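Try each task before you read its solution.

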Amino acid sequence: MSLTQKATVYGAVHENALNDVLQALIAARPAYVTFSSATMQPIQLPGIGGVDWEVSFTDVHVDLGQGDVHLTSSLDLKVQLPAGPKDINLAVVATAHPEAIGDVLTFRLDALELVDITPDSLESLLEEVIKALLGGFLAQVQIPLQNLLPPSVPLRLAGTPVIADDQIKIYANVT
């Protein structure tokens with residue numbers, strides 16, 4: 001190969017490895033998946049004042065298929081009311097897609113569905129709030145391409161990451 005040609009580099013991550021990394025990230029940095037009045041404002045209710053709350057994503061699992069990232073999770077919502085603490089658990093199903101921003105791989109939330117919430121208006125309201133929280137978490141998941149190889153090997157992503165065969169496939173050029 002002449003020195004003027006670019007070599008294509010291929011890398012892939014299987015969904016099992018992605019789940020292992022995700023579980024390690026959540027264990028090491030639980031603040032990425034837990035939001036609460038300890039770091040944000042309490043909910044202000046008339047006659048009660050500030051109500052402490054906490055939202056946590058647990059049992060997060062990724063399934064790669066059909067060009068999308070499918071996320072399943074439980075969502076624990078805890079509210080400290082004057083009558084005592086209240087805790088509910090919701091099933092969350094979401095889809096996202098990988099995105100290359102410069103030479104960083106990240107994920108963008110496409111859709112989110114809460115399972116079996118009625119009435120529909122309450123389900124829609126909760127989905128919008130949870131979309132914002134989960135979208136914020138996914139925005140923090142950034143994988144710089146340069147971390148995959150030694151710094152002496154400069155790479156530039158070639159196109160959009162592809163999802164196939166239970167893997168995220170990335171193509172890059174040596175520059």
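**Contacts, fold and strand pairing**

**Exercise 1.** Work out what share of the contacts in the chain between residues at least 6 apart in sequence join residues at least 24 apart.

*Solution.* Start with the ground rules: this is a predicted model, where local features need pLDDT of at least 70 and side-chain atom pairs count only at pLDDT 80 or more, while totals for chains, interfaces and linings use all residues. Residues are numbered from 1 along each chain as its sequence is written, and side-chain values use heavy atoms, with hydrogens and water left out. Next, take a contact as heavy atoms within 4.5 Å. Of the contacts between residues at least 6 apart in sequence, 46% link residues at least 24 apart.

**Exercise 2.** Trace how strand S8 pairs with S7 and S9.

*Solution.* Two strands pair if DSSP finds at least two bridges between them. First, S7 (residues 84–101) and S8 (residues 104–114) run antiparallel, joined by 10 bridges; Val92 has Leu114 in S8 as its bridge partner. Then look at their hairpin: 2 residues sit between the strands, and Gly102 has a positive phi near 65°. Finally, S8 and S9 (residues 143–144) also run antiparallel, with 2 bridges, and Val104 is partnered by Pro144 in S9.

Technical notes: Helices (H or I, at least four residues) and strands (E, at least two) are DSSP runs, numbered from the N terminus.
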